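This briefing goes through the fold, the surface and the core in turn. Please keep the sequence and the model at hand while reading.

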Amino acid sequence: VLLCIVAVFERYTRFMELHAAKPEVVLVPTADTALMWAAHAGTPWAYRLCCAQLFGERQAAALWRPAYLELSEEQWARGYAATKAMYEQTYGETVS
């Protein structure tokens with residue numbers, strides 16, 4: 001179980017790094033990454049600190065909101081495929 005949690009945390013960290021590198025792209029996370037994101041956002045002080053480190057203090061003030069929640073089903077599917085490809089190309093690890 002601990003190894004699974006560590007793997008999810010690593011994928012979440014990488015997901016946040018991808019967003020920092022390409023803030024203009026709407027990223028669609030895997031289910032486990034989305035759950036980790038929700039848990040992280042549930043501790044606002046820690047989430048704000050993380051956002052400040054990744055995105056800068058000005059953007060952290062607004063706390064990054066997951067834009068994928070506002071996508072249509074078709075946009076979501078395309079965004080998920082694009083995010084998956086970007087993740088796999090960047091990190092050399094397959095996600096599902």
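Lys and Arg count here as positive and Asp and Glu as negative, whereas His and the chain ends are not counted; the place of a charge is NZ of Lys, CZ of Arg, CG of Asp or CD of Glu. On that basis, the mean positions of the 8 positive and 10 negative charges of the protein are 4 Å apart. The model is predicted, so that local features need pLDDT of at least 70 and side-chain atom pairs count only at pLDDT 80 or more, while totals for chains, interfaces and linings use all residues. Residues are numbered from 1 along each chain as its sequence is written, and side-chain values use heavy atoms, with hydrogens and water left out.

**Fold**
- The protein has five helices and zero strands, where helices are DSSP runs of H or I with at least four residues and strands are runs of E with at least two.
- The C-alpha atoms fill a box of roughly 35 × 30 × 20 Å along the principal axes.

**Burial**
- Buried residues, meaning those under 20% relative accessible area with a 1.4 Å probe and protein chains only, make up 33% of the 96 residues.

**Core**
- The largest nonpolar core has 18 residues, such a core being a set of buried Ala, Val, Leu, Ile, Met, Phe, Trp, Tyr and Cys residues joined through side-chain atoms within 4.5 Å.
- Two or more core residues come from each of α1 (2-21), α2 (31-41), α3 (44-55) and α5 (73-91), and α1 gives the largest share, five residues.
- Leaving aside neighbours within four places in sequence, leucine 18 is in contact (heavy atoms within 4.5 Å) with Leu27, Met86, Tyr87, Thr90 and Tyr91.

Note on methods. Buried means under 20% relative accessible area, exposed over 50%, partly exposed in between (1.4 Å probe, protein chains only).
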